[in-house]
Every structure is written in C-alpha cells, then in structure tokens.
Amino acid sequence: MDYRRRDRFPRGSWPNWIGPLLAIGFIIVSIQLIISVSRPKTVDYSEFRKLVSDGKVEEVTIGPSEINGVLKPTQSKEPEEDREFRTARGSIEEDDGLLPLLDAHDVKYSSTEEPNPLRTVFLWFLPTVAIVVLLYFLLIRRLGGSSAMTFGRSRAKLYAQEDVDVSFDDVAGIDEAVEELREVVDFLRTPEKYQAMGGRIPRGVLLVGMPGTGKTLLARAVAGEAGVSFFSLSGSDFVEMFVGVGAARVRDLFGQAQQRAPCIIFVDELDALGKTRSSGWTGGHEEREQTLNQLLVEIDGFDSNRGVIIMAATNRPETLDPALMRPGRFDRHVVVDRPDINGREAILKVHARHVKIDDDLDMRAIAALTPGFVGADLANLVNESALLAAREGSTRVQRTHFEEAIERGVAGLMRKQRVMMPEEKRRIAYHECGHAIVAYLIPGADPVHKISIIPRGFGALGYTLQRPLDDRYLATQTQLENRICTLLGGMIAEEIVFPDVSTGAQNDLQQLTQIARQMVQLYGMSPRVGRIAFSDEDSPFLGPGSQSYAREFSEVTAREIDEEVKRIVDTAATFVRDILTEHRDALEKLSARVLEKEVLDAEELKEVMDAASPRLVPGSERSDYHPHLLDDNTDEQRRQAEGDS
Ligand SMILES: Nc1ncnc2c1ncn2[C@@H]1O[C@H](COP(=O)(O)OP(=O)(O)OP(=O)(O)O)[C@@H](O)[C@H]1O
Ligand SMILES: [Zn+2]
C-alpha cells in the first residue's frame, strides 16, 4: 500500500528560472546596443586645437563636457563615420579662445546640451538594471520570497510563535514519545525544581521517525503544553548561497531565542544541515559545514538552565554528524514510530473532531483498513473522506467515504471514463484473477478483499486488494513466500491464457524480486546461502556513528545470491503455474464475472471458487498448497522419497 502524502509546494509562485533568464536577456540586449553605437576615435584637446589650426576640421558639435567633430575629407570620398572624432573639453582658460579659433578657420559649429543622451542610457543604465535584476532574483530565490534586505538576519523571527495552541491532546498514537517528552515540558514549566536538584538538564532532543509521523506536531505540542514560545526553522533554510550567511542566521536565531527564554527552538530536517562533515565532494559544502560548526558552538555555548531547549527532527539519523550526538548536544533521542492499530484509531478520532462523522461509524474498522499509514496520511484521509461526503451531498461522513478515500490513496483517482480496448480489458481481468486465485488458494495468504478492473490513476490498470488480517511487525518466511506466489499469479495467468505475456506485470515482478532478494540477502532464509545478512544498503535506524555499508561481500557471494533469487522465483513460478492450470476452470469463470461486473468482492470470489471444479490430474492431487520455495531438498530428495515409497 502506498498512500501518498501531500506534496510540498515550492516557495514563491514564480518559477525559479524566470529571474535569471530576464537578466541574461537584458545583458545581451545591452551589449548589442553598445556594439551598434560604435564610438568615434578620441583625440587629445591639444591635438584637436592643432587640427583646427591646420584647417583639417569641417564642423564640430560642442557639448557641456565633450566636443564631437568631423574632419574634412582628406583624399577621395571618405565616409563620414571614419572622419568622426571626439575630445574632452579643456579647462575654461583653454576653452577661451576656441570659438574665435573656429571662426578663423571657417569651422561650422553648434552646441548641444547632452552629447548623446541615448547612448549614455544604453551604456550605463541598462547594464546596471540587468545586474540589479540578476542579484535581486538570486537573493529572492535563496531567501524564499522574503525581502532581499533581510538576508543575514535570521528568518526565525518570522516563525517565533508566542502562544502555541497545540497540546498533547492533539497528538495521538505515539504515546511513548509523548511520555518521554513530558519531562521536557515539566522542566520548561518549573526549571527551579530541576536546578535545585542539580541534575543535568536536557539541552537537545532529537526526534527520529518517518516523514509524517508527527514530529513537528510533537515539538509544537511541547511548546504549547509548557506555554513557551516556539522558534521553528528548517535545516535547509540555513544552507545559503553566500558563505557565512547560514552561520550568521544560526547566531541570530540563538540570540533571539535566549532573549525570549524559556522557549523551544525546533530545527526540522536536521539532516539537511547536519550531514557528516567533509563527506561531500560536490563542492559548496563549506557553507554547510560552517553553519553546522556555528550550530555546534551555539549549542555548547548557551546555558540550558535559562530554559532554552533545542529540538530537532530527522528521518535519517544515520547520516548526521556524530558531533551532533555528543553529550550536551542532541543526547536525548525520541523515536516517533508508525502508529499501530490502536494508535491509528486514536489519530483518526483526533482528526474526526473537526468533521461530522456518522454516529454508527466504527473508527476501529477504518484503522484496521490502514496498516502502514502515518499520522499525516490519516489526517489526509479524514479530510479526503469529508470532501467525498460533501461532494455526494451527504450530511455525515460514512464508512463508504472512508473506504473510497483509502482506495484512492492506494491506487490513484478513479478514472472510469478511460476507454480500454476489449482485448486489453480481458487481459487485465485474467491478470487480476490470477493474483486473486493464488491468494485464495494458498493457506495463510492475506485474504482478497476486492478485485477490480476499473483503471485508477496512472499506472494501475486493475488491482487486487489484499488486506492483512492484523498489523505485522514481523513477516514469516511463509508469508513472504505467499506474497511472491501471489504477485506471480497475474503474469502466469496471462501466460496460460494468452499466447504471450504483456508489460503489465512489471511492477509485480519488481516487488517479488525484491522480496526474494531480501529473503536471501538480509533475512538469512535461504539454507543454501546461509543464515547471514549480506547488507548493501543503509539501515534506517542505526545509532550515531554507524557507517553506511558498502557492499561487503565478494563477487562469488553476489553470484550465489543472484542464483538463489532466481531459483526461488523459478520454483514459485512452477508452483503457481501448477495451481492455475489445475484451477483453469475457476480462472475462466472468475474472469468472465469480473469482465461483466468490473468489481468483485471477497464473497463473490468465494462463490465462484466453490462453484468451479479443479481439474484433477491423476497422481498429482495436492494435499497442501504450501509453496516450499526455499527448501533445499525439493528437487532431488522429493524425487527420491517418491521413488522409495
Ligand atoms: N500522531 C499524530 N496525531 C495527530 N495528528 C498527526 C499525528 N501525526 C501527524 N499528524 C498530522 O499530520 C500533520 C503533519 O505531521 P508533521 O508535520 O508533524 O509530521 P512530521 O513527522 O514532522 O513530518 P516531516 O518529517 O515531513 O516534517 C500534522 O499537522 C497532523 O495534522
Ligand atoms: Zn499484477
């Protein structure tokens, strides 16, 4: 299930590239103008007077600071442009005899106020405008829309909140985290009590958890409960283009916070700022490092007894610089987990307070439908359901609205109007029924809740919804095997019914290959490869200082793993092919029904399955449908055992 979270909107309404583009345009135009207004050659003032005395000048235009003139043609027909010249006007005394001199040598003269006003504009004004525009947009982009004049000052000012109206009542489903933070609230309320005891007061609290689990909400609730101001900033706000600006912001932020103590400083996305130092090779990380260093200095420097507590959130603690985790810094870690079914029920109830819910609606049932959802997803779900209810004209939100909202989340928006070719539709029906039949027949597989061939959103043409019976934190080997077989069901059904297969199974294949690989490589489930975890990926919740793993196994092992993965998938394919061949009758009947009704539920599936007759091949009756994908002895030993009996 993949219930997508709301997207974050980009800052500002203008696309980022407009500003620079305009500026570049300006510069190009200006340069062209400068080139086209070619300047005549310049001569010294004394040289100019000599030219006049020699009778070589035809006419001049005298401006306030400059004289432009044209020489008499020397030989044949020299074009006028080549004969133009200019000179700066001399001092007053020098200038004195100019007019009589011009008269004496029969030079025509006139005067202008400004020699060439347009040219001056082009030369100075436009490039200046271009540069200003360029700088302005660069700054705006960096500052996210605030005035260009405020850079260097902390944006925290904008986020300081005096009275936060969030309390722990608004936070549900993450009770352990709340319990841990009560102590912080208590400290902020009565710091004297703690000071009298002489105990070390927490300075930094790091909230660790997946996106949307409510870390920001939790931090605000702490501020709200304690009745202190709340400064919040995102780690990425600190990372600036200009070296030193981020560090200045940090200094400014802590300065402001200390004046407003007691208070909470909350840094969201700490990982944007606190990545392990000097691991970057892309350049431009010096600024970030400088900012991080400043943050460390400030954390060490401030006196937590005055009641400033710094909280930070991250979903990738393993990437943080170990220096951040030292005692006296973020030494307290609070894990914010995905909620379980009780937690989800509680979160749903919190958000349902704001909408009109049908009295008969059982929130626990909705919670049961949403394993894997985090707080933000559930908030979104309540909102979406209310919108659906409103669109339908209902006065209360009902269970059906929730169900529809969940399905939308899972498989995208309903697009009934999409036209499908009949042949395509038939293929999709068989594909989905393949999934469903395999899931139905394997004992212990998640029961099928719905089969649908109504295309929804992008990508999913049809879908088979399976619903886990309960929340799972562990998956057994059998469950994983069952998932692999169920995922294969679609493609194998196509293979059996049609002369070829289609591209529709790509996502299924990706998923099942990943599961198979994890079974071998991470969970040590394959007896051939052994009970060893060959990790080659970051593990999300390792403690501070842990390295992310490089692949730490040899080429030989890699090949062994690949072979084992392939063997598992091949075994599963054979197994699924057997099942579906045996139940070809059911496959046909079920597909026909799906084609007719487009959507089938669990009961109709059972009905069809009961009515259909499996094709019994003599000697191959199955006692169970356990796939046994990993058993090493499947091939040889089974054959041997059969031979013995
Ligand atoms: N435990 C919860 N109880 C009630 N509401 C929640 C809970 N968790 C999340 N929400 C809802 O989801 C919204 C978003 O959660 P929040 O921004 O706190 O998540 P986050 O963990 O900080 O996410 P991110 O890591 O993306 O910043 C909250 O404003 C709230 O409405
Ligand atoms: Zn499929």
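What covers the buried residues of α21? The legends below get to that, working on a predicted model.

**View 1. The whole chain, before zooming in.** This predicted model has 25 helices and 13 strands in its protein chain. Of the 645 residues in the chain, 32% are buried. If you take the contacts with a separation of 6 or more, 77% of them come from residues 24 or more positions apart.

**View 2. Helix α21 and what sits over its buried residues.** Helix α21 runs over residues 506-521, which makes 16 residues. From its first C-alpha to its last it reaches 22 Å, close to the 22 Å expected at 1.5 Å a residue. Its buried residues are Leu512, Ile515, Ala516, Met519, Val520 and Gln521. As a reminder, an α-helix has 3.6 residues a turn, so residues three or four places apart point the same way. Back to the opening question: the cover over the buried residues of α21 includes α20 (477-497) and α22 (555-582).

**View 3. A three-stranded open sheet.** Here you're looking at an open sheet of 3 strands, in the order β12-β11-β13, with antiparallel pairing. β12 (463-466) and β13 (599-601) are the edge strands, and each pairs on one side only. On average, neighbouring strands of this sheet are turned by 10 degrees against each other, direction ignored.

View 4. Strand β11 covers residues 448-452 and runs antiparallel to β12, with 4 bridges joining the two.

**View 5. The surroundings of ligand 1.** Ligand 1 has 20 residues around it, and the closest are Gly214, Thr216, Leu217, Gly375 and Ala376. Three helices turn up as the elements that give two or more residues to this shell: α10 (215-226), α15 (341-352) and α17 (375-392). Sorted by class, the shell around ligand 1 holds 10 nonpolar, 8 polar and 2 charged residues.

Notes
Residues are numbered from 1 along each chain as its sequence is written. Chains are lettered from A and ligands numbered from 1 in the order in which they are written. This is a predicted model: local features need pLDDT of at least 70, side-chain atom pairs count only at pLDDT 80 or more; totals for chains, interfaces and linings use all residues. Two strands pair if DSSP finds at least two bridges between them. Axes are lines fitted to C-alpha atoms, for helices over the stretch in contact, and angles run from 0 to 180 degrees between N-to-C directions. The expected span of a helix is 1.5 Å times one less than its number of residues. A residue is buried if 20 or more other C-beta atoms lie within 10 Å of its own, exposed if 12 or fewer, and partly exposed in between; C-beta atoms are placed from the backbone. Two residues are in contact if their C-beta atoms, placed from the backbone, lie within 7 Å. A residue is near a molecule or strand if its C-beta atom, placed from the backbone, lies within 6 Å of it. Ala, Val, Leu, Ile, Met, Phe, Trp, Tyr, Cys and Pro count as nonpolar, Asp, Glu, Lys and Arg as charged, and the others, Gly among them, as polar.
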